[in-house]
Amino acid sequence: MDVKPYKIEGNKEIKLKDYPTSEDHGFSEEELRDHHIPESVSKLKDLHWRLHADEKKGIVVVLQAMDAAGKDEAISYIFSNLNAQGLKTTSFQKPSDTERNHDYLWRIREGLPERGQVGILNRSHYEDVIAPRVHDLLEEGTIPDDKDEHEVWAMRYRQINDFERYLVENGFEVVKFFFNMSKDEQKNRLLERMKNPKKNWEFSFSDVEEREHWDSYQHIFEDMLNNTSTEYAPWHILPADDEWYSRYIITKTMVECLEKIDPQFPEISEENRKKLNEYIEKLENE
């Protein structure tokens with residue numbers, strides 16, 4: 001399966017409506033769930049072990065979407081299979097008072113991985129070019145004196161691009177996934193959460209309230225994708241109505257990213273190899 005059709009090439013302007021929320025990909029759910037995804041996850045686990053052992057590079061994974069689009073499930077079905085020591089998952093909600101008293105990128109530092117880790121940002125720094133814009137939440141102190149409110153978003157796009165370039169240039173790949181879900185599919189998933197007592201805990205009243213702003217969100221998502229998909233940190237647009245196929249795209253993309261890094265298990269020195277052999281012999285002769 002080729003993931004290129006789902007990646008926005010740098011400097012290419014897209015229309016979100018041109019990216020389907022589901023498609024005829026030729027795989028059954030059973031094939032994806034029982035064969036293709038486990039096979040890709042197995043490759044991903046091996047490469048992730050090497051990344052963790054090598055401790056030279058890291059990966060920042062950004063998951064961005066409307067509510068109920070499948071971010072949490074992607075973490076559960078894919079990333080939870082990886083070595084916990086080499087995995088860091090951070091979920092970002094509304095900024096706290098402390099976070100609001102810093103620059104908007106300040107809180108993201110907490111979620112960044114170490115070398116040898118994959119860091120999952122469940123929502124991310126992109127929240128600060130989405131929700132405040134939909135709900136007109138920019139505070140006076142966050143707007144520079146020489147800018148008006150409309151200029152802030154272009155400024156933040158540039159700052160985010162610079163921030164991600166900084167990460168990549170310092171050895172941390174940035175892989176971004178946007179879950180492109182239809183309004184009808186979101187309705188079905190929210191209703192399931194509301195009607196199923198075992199899923200009530202997943203439901204938030206704000207999820208329904210935010211649907212009133214659906215068109216605004218789609219417009220802002222499109223603007224965000226066009227302004228922040230770069231050659232060094234491209235966005236991947238997932239057909240999120242199809243959860244299993246979206247997970248397959250994520251696993252394949254992550255495998256490609258790690259194969260490009262090509263991490264290796266560290267080689268033991270000749271001196272330590274000698275010592276190792278001595279200890280092997282010692283234990284075997286006990």
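Contact here means heavy atoms within 4.5 Å. By that rule, asparagine 83 touches His48, Trp49 and His52, leaving aside residues up to four places away in sequence. The model is predicted. The protein chain has 286 residues, and 48% of them are buried. It holds 10 helices and 5 strands.

**Overall build**

- Along its principal axes, the C-alpha trace of the protein chain spans about 75 × 50 × 40 Å.
- Consider the contacts in the chain with a separation of 6 or more: residues 24 or more positions apart account for 81% of them.
- The accessible surface of the protein chain is about 16000 Å². Carbon and sulfur atoms supply 44% of that surface.

**Charge**

- The protein chain carries 40 positive and 61 negative charges.
- Six residues form a negative surface patch: Asp136, Asp145, Asp146, Asp148, Glu149 and Glu151.
- One of these patch residues, aspartate 148, sits in the loop between helix 4 (131-134) and helix 5 (149-169).
- Aspartate 148 has 40% relative accessibility, so it counts as partly exposed.

**Asparagine 83**

- Asparagine 83 lies in the loop between helix 2 (71-77) and strand 2 (87-91).
- Its relative accessible area is 11%. The cut-off for buried is under 20%, so asparagine 83 is buried.

**Leucine 138**

- Leucine 138 is placed in the loop between helix 4 and helix 5. Aspartate 148 belongs to the loop between helix 4 and helix 5 too.
- Leucine 138 counts as buried because its relative accessibility is 16%.
- Beyond residues up to four places away in sequence, leucine 138 touches Pro132, Ile143, Glu149, Val152, Trp153 and Arg156.
- One of those partners, Glu149, is also a member of the negative surface patch.
- Leucine 138 and phenylalanine 179 are 41 residues apart along the chain. Their C-alpha atoms are separated by 25 Å.

- Most residues other than glycine have a negative phi.
- Arginine 123 is not a glycine, yet it has a positive phi of about 70°.
- Arginine 123 occupies the loop between strand 3 (118-122) and helix 4.
- With a relative accessible area of 15%, arginine 123 is buried.
- Aspartate 262, a residue other than glycine, has a positive phi near 55°.
- Aspartate 262 is in the loop between helix 9 (243-261) and helix 10.
- At 43% relative accessibility, aspartate 262 counts as partly exposed.
- Arginine 123 is therefore a buried loop residue, whereas aspartate 262 is a partly exposed one.

**Leucine 276**

- Leucine 276 is part of helix 10, which covers residues 270-284.
- The relative accessible area of leucine 276 is 36%, so this residue is partly exposed.
- Leucine 276 and valine 208 are 68 residues apart in sequence. In space they are 61 Å apart, C-alpha to C-alpha.

Note on methods:
Residues are numbered from 1 along each chain as its sequence is written. This is a predicted model: local features need pLDDT of at least 70, side-chain atom pairs count only at pLDDT 80 or more; totals for chains, interfaces and linings use all residues. Side-chain values use heavy atoms; hydrogens and water are left out. Patches are made of residues with over 30% relative accessible area and no salt bridge: like charges are joined within 9 Å, nonpolar side chains (Val, Leu, Ile, Met, Phe, Trp, Tyr) within 5 Å. Accessible areas come from the Shrake-Rupley method with a 1.4 Å probe; for residues, only the protein chains shown count as cover. A salt bridge is a side-chain nitrogen of Lys or Arg within 4 Å of a carboxyl oxygen of Asp or Glu. Lys and Arg count as positive and Asp and Glu as negative; His and the chain ends are not counted. The place of a charge is taken as NZ of Lys, CZ of Arg, CG of Asp or CD of Glu. Helices (H or I, at least four residues) and strands (E, at least two) are DSSP runs, numbered from the N terminus. Buried means under 20% relative accessible area, exposed over 50%, partly exposed in between (1.4 Å probe, protein chains only).
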